[in-house]
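I opened this model to look up its charged contacts and its ring contacts. My notes are below.

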Amino acid sequence: MSETSTTETILVTGATGKIGRRLVEVLHADGRNVRAVSRHTEIPFDWTDPSTWDAALDGVTAVYVIPPDHPFPADEFVATAVRSGVRRLVSQSGRRIEELSALAGIGHEVIGMHAAQVAVQASGIEWTVLQANNFNENFSEGDYLPAVLSGDVALPLAGTTEPLIAADDIAAAAAAVLTRDGHAGKVYEITGPESLSMDDAVAAIAAASGKAVSFRAESPEEHDAAMRAAGLPEELVGFLNIMYQFMRNGTMAEATGDVKQILGRDPIRFADWAVDTAKTGVWTDAPDA
């Protein structure tokens, strides 16, 4: 497949999420023809309802796959995409997802992003996989935001470091591999530029926002008890325990140069991201939890 022309249509699934909406903006700014879909868009798209797939895929040449967390018929979707004439598939996945699945002792079909990755790689057409580290935006739009607002971020990650990545960098990398040649058959591990401890990350947020917030390292047992007390489903608690163990093992601790390889520039530093994000008021305008 040659580089995607501006007249060809690119399908972006999960278009209202952290990465999807940013990717749509990047592609539009580049003059691309984008079909942004989710369950509530004009053309509805539901991973668990194959009857919604044909309309979403009609006339599409490239697809960015943002899979659900839960199991879904990934092989069936990819086969439908190939039959519809799609020539390039890019799947968003988690860094070292194969090793995480092995640690959990589960098959690839159980974790949505692993199922999507395997299906895309077996598609028989051009494919690329973006395996991303955890997002900076977990602190501003995701699961860690309530803890930041409370001033106490408690996680079972004592001594753990990770090169957290900005969603803007993931979206920019996704746009590049969707529209340019040279990325077929590659699995990129995309990370931020430096590996930070949770202490460092939370301290950067405190410095940027002026908010009194600190990191507190819990033991795995303490965090397990806190999740259960919060009423999280047993299956989710089990998976999160394994994910935190995976992170404590240091499997995702090293930064890579894959963002620079794709984009020709360094990824965004966490401290710089925190300064820009603090200007939105997300950590100070919202009431304390």
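The entries take the salt bridges and then the aromatic pairs.

**Entry 1: salt bridges**

I am working from a predicted model. I searched the whole structure for salt bridges and got 19.

I started with Asp-169 and Arg-265, whose side chains form a salt bridge at 2.9 Å, N to O. Buried or exposed, I asked of Asp-169? Its relative accessibility is 0%, so I noted Asp-169 as buried. Arg-265 has a relative accessible area of 34% and is partly exposed.

Next I looked at Asp-266 and Lys-260, which meet through their side chains in a salt bridge of 3.6 Å, N to O. I noted Asp-266 as partly exposed at 48% relative accessibility. Lys-260 is also listed as partly exposed, at 45%.

The side chains of Lys-279 and Asp-276 make a salt bridge at 3.9 Å, N to O. The cut-off for a salt bridge is 4 Å, so I kept this pair at 3.9 Å. Lys-279 is exposed, with 66% relative accessibility. Asp-276, at 48%, is partly exposed.

Which residues did I find linked in a network of salt bridges? They are Arg-21, Arg-22, Glu-141 and Asp-168.

**Entry 2: aromatic pairs**

I then searched the whole structure for aromatic pairs and found nine.

Phe-45 and Phe-77 form one of them, edge-to-face, with 5.8 Å from centre to centre and 80° between the planes. Phe-45 lies in the loop between strand 2 (33–36) and helix 2 (53–57), while Phe-77 lies in helix 3, residues 74–84. The two are 32 residues apart, and I noted the pair as a link between distant parts of the chain. Phe-45 is buried at 3% relative accessible area, and Phe-77 is buried at 1%.

Phe-77 also pairs with Trp-47: the ring centres are 4.8 Å apart and the planes stand at 75°, so I recorded this pair as edge-to-face. Trp-47 is in the loop between strand 2 and helix 2 and Phe-77 is in helix 3, so the pair ties together parts 30 residues apart in sequence. I have Trp-47 down as buried, with 8% relative accessibility.

Conventions. Residues numbered from 1 in each chain as written. Predicted model: local features only at pLDDT ≥ 70, side-chain atom pairs only at ≥ 80, totals over all residues. Heavy atoms only, no water. Buried < 20%, exposed > 50% of the residue type's maximum accessible area, 1.4 Å probe, protein only. Phe/Tyr/Trp six-rings, centres within 6.5 Å; stacked < 30°, edge-to-face > 60°. Helix = DSSP H or I, 4+ residues; strand = E, 2+ residues; numbered from the N terminus.
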